[in-house]
Amino acid sequence: MGLGERGGWDKSESRYCGVETEFDDDVPRLLSFNLSSTGFDFVVAPLTDPTYRPSLIEADDGSSHVPPFAGSDLVLSPSQWSSHVVGKISSWIDLDSEDEIVRMDSETTLKQEIAWATHLSLQACLLPSPKGASCANYARCVNQILQGLSNMQLWLRIPLLKSDDDSPDVDSDNLMDFWELWNSFRLICEHHSQLSLALDILSTLPSVNSIGRWFGEPVRVAIIHTDSFLTNAQGYPCLSKSHQKLITGFFNHSVQVIISGKPLHSIPAETIGSAANHSDNNVNSALRHPLRSYLDYVGYLYQRMEPLSEQERIELGYRDFLQAPLQPLMDNLEAQTYETFEKDSVKYMQYQRAISKALLDRVPDGEAAAATTVLMVVGAGRGPLVRASLQAAEETGRKLKVYAVEKNPNAVVTLHSLVKLERWENVVTIVSCDMRLWNAPERADILVSELLGSFGDNELSPECLDGAQRFLKQDGISIPSSYTSFIQPITASKLYNDVKSHKDLVHFETAYVVKLHSVARLAPTKPVFTFNHPDYSTKKSNQRYKKLQFEVPRDTGSVMVHGFAGYFDATLYKDVHLGIEPSMATPNMFSWFAIFFPLRQPICVQPGSPLEVHFWRCCGSAKVWYEWCVTSPRPSPIHNSNGRSYWVGL
């Protein structure tokens with residue numbers, strides 16, 4: 001049934017809501033009660049009688065036995081088991097118990113229940129939270145199970161709890177950060193992609209920074225307990241502002257909600273019927289599910305979310321999808337790629353603003369009628385910057401002579417058609433040539449280019465503009481005039497697992513373009529490399545090296561760094577800029593996603609411990625590449641030494 005639709009495009013898994021139930025050996029009745037009449041989409045139900053202990057059965061009778069599962073596989077259809085039941089592994093199990101009988105019983109039960117769930121084709125099983133700070137044996141057994149699982153997900157239940165040092169009611173000798181427990185478990189399980197998280201949402205929440213790190217982890221469900229709800233003026237359950245914000249954040253990350261616990265709100269009798277009618281006209285108030293009002297509230301939160309913008313809907317399919325960066329010098333772009341970039345009207349409006357300002361500075365009003373400005377578009381593509389330049393000239397009343405330089409012969413065909421169609425033959429000269437090899441017939445007043453990559457210089461803008469700079473007048477203007485790259489450490493469990501799935505070194509030493517979504521940004525960005533144009537310094541080099549130190553806010557707790565997100569910001573001319581650095585990103589621009597530099601081995605950073613990272617931009621005769629490594633809190637190998645895995649060809 002779902003929590004409601006936010007438009008026909010809404011296909012997010014988060015619109016399905018589940019309920020945690022007690023053991024019931026009549027599974028059809030359990031489903032009928034919780035699903036048919038109430039609006040829940042699935043149940044999280046124990047698979048085995050909670051009193052079952054293998055050792056007790058064997059002690060009574062040496063013969064083989066059948067565990068007391070909740071009914072035969074025949075009581076539901078395969079699609080019902082798969083779509084509407086999540087198996088809840090017995091909560092009593094303790095695989096790290098000092099008591100050997102408990103430990104052995106736990107291991108046997110865990111394996112029996114997972115085997116039964118696999119037989120039923122369940123999509124997921126909920127694993128109970130580890131009982132203590134040590135979880136090595138539990139994680140070892142789960143890892144064994146994961147090796148043989150086909151496609152079922154295992155959700156490890158972890159409380160969203162972090163004791164803060166300054167909390168008055170917390171024993172400072174017994175501080176517990178449950179992220180540490182999760183981290184130990186997933187490291188023992190080798191970051192397995194089928195091991196996910198089920199977060200228990202309690203009545204008190206940790207700090208915003210502490211919560212933020214979970215958004216880079218593989219959270220599949222949020223279990224909200226009824227005692228986390230407050231009571232509104234009408235007696236109905238509601239959530240605090242901070243809980244609302246958290247649940248909305250989870251909805252945006254395709255996290256499903258499960259409601260757990262007993263009803264704690266006594267809804268006034270005279271409103272029960274109207275409440276039931278309000279939510280579902282077919283629901284008989286006498287049969288109203290005791291948790292219905294909690295479900296209604298979660299549905300209300302879901303439906304009142306802001307709808308995605310058109311741009312966000314276009315980008316949905318790119319979220320957390322790794323793409324190899326373009327090789328614009330080695331390869332010629334295809335028509336589809338040009339078309340995508342040409343649709344970015346915001347980018348070209350910024351270019352037009354910059355060109356207009358440059359023209360006004362270059363030619364005073366008194367000389368506008370007589371003076372002609374020579375403008376060169378280097379890397380003209382199919383002509384969007386040519387159009388922006390001519391519109392700027394028209395807007396400012398300045399005369400232009402335009403050279404459109406483009407190395408891709410296929411794009412040049414389109415350029416010729418455009419010039420003919422727009423009747424620009426007397427203004428625009430098309431040059432089919434690599435800008436680094438062209439001998440210009442005259443020098444330019446303004447040099448315009450769009451050679452920037454997601455990391456600023458990663459598509460070789462410095463090398464291209466160095467080659468083109470020779471045909472710019474000594475006092476000429478380059479648009480852009482400068483650009484700076486930025487990085488920040490991120491938790492990105494999904495991206496890490498996607499890279500790891502290739503099982504080779506090359507993919508861990510490649511930078512990817514990616515629309516970052518399920519990530520936790522762990523510290524503010526810091527600038528890396530800056531390039532200025534034109535650059536007339538005599539000893540100039542495009543090689544760069546930068547050492548950076550990041551501080552993760554102390555109240556975040558420990559974090560896992562899977563790699564670094566990279567961005568850029570460019571000054572086109574004077575105060576006109578464009579970029580994707582999060583704190584000053586140009587709104588509604590989609591030409592660039594971030595870049596992701598993975599780490600071969602993720603690095604755990606403790607509170608208050610600095611993270612020191614080194615980045616190099618290296619130049620050879622035929623290629624440019626990046627190298628990167630971490631030196632604190634522990635050293636990592638140099639990634640991409642000598643450009644062995646990833647480079648950009650000159």
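These legends walk through several close-up views of the structure above.

The model is predicted, so local features need pLDDT of at least 70 and side-chain atom pairs count only at pLDDT 80 or more, while totals for chains, interfaces and linings use all residues. Residues are numbered from 1 along each chain as its sequence is written, and side-chain values use heavy atoms, with hydrogens and water left out.

View 1. An unreviewed UniProt entry annotates residues 310–479 as "domain: PRMT5 arginine-N-methyltransferase". UniProt positions follow the numbering used here, feature names are shortened, and annotations may be inferred rather than shown by experiment. Over residues 310–479 the chain is 39% helix and 20% strand, and its end C-alpha atoms sit 30 Å apart. Helices (H or I, at least four residues) and strands (E, at least two) are DSSP runs, numbered from the N terminus.

**View 2. Five strands line up in an open parallel sheet.** Read across, the order is β13-β12-β11-β14-β15. Two strands count as paired if DSSP finds at least two bridges between them. β13 (428–432) and β15 (472–479) stand at the edges with a single partner strand each, so one side of each has no neighbour in the sheet. On average, neighbouring strands here are turned by 25 degrees against each other, direction ignored. Axes are lines fitted to C-alpha atoms (for helices, over the stretch in contact), and angles run from 0 to 180 degrees between N-to-C directions.

**View 3. Two helices meet that sheet.** Helix α15 (residues 409–422) packs on the sheet and touches β12 (399–406) and β13, with its direction at about 170 degrees to that of β13. Helix α16 (residues 461–468) lies across β11 (372–378), β14 and β15, running at about 160 degrees to β14. Contact means heavy atoms within 4.5 Å.

**View 4. Zoom in on the β14 and β15 pair.** Strand β14 (residues 444–449) runs parallel to β15, and four bridges join them. Look for A444, which stands opposite L472 in β15.

**View 5. A second open sheet has antiparallel pairing.** Its four strands follow the order β20-β24-β25-β26. The edge strands, β20 (544–550) and β26 (648–649), each pair on one side only. Eight bridges link β24 (residues 611–619) and β25 (residues 623–632) in the antiparallel sense, and H614 has C629 in β25 as its bridge partner.

View 6. A search of the whole structure finds zero disulfides, a disulfide being a pair of cysteine sulfur atoms within 2.5 Å. The closest cysteine sulfur to that of C619 is in C618, 7.4 Å away, too far for a bond. For C629 the closest is also in C618, at 11 Å, again too far. C629 counts as buried at 6% relative accessibility, whereas C619 is partly exposed at 26%. Buried means under 20% relative accessible area, exposed over 50%, and partly exposed in between (1.4 Å probe, protein chains only).
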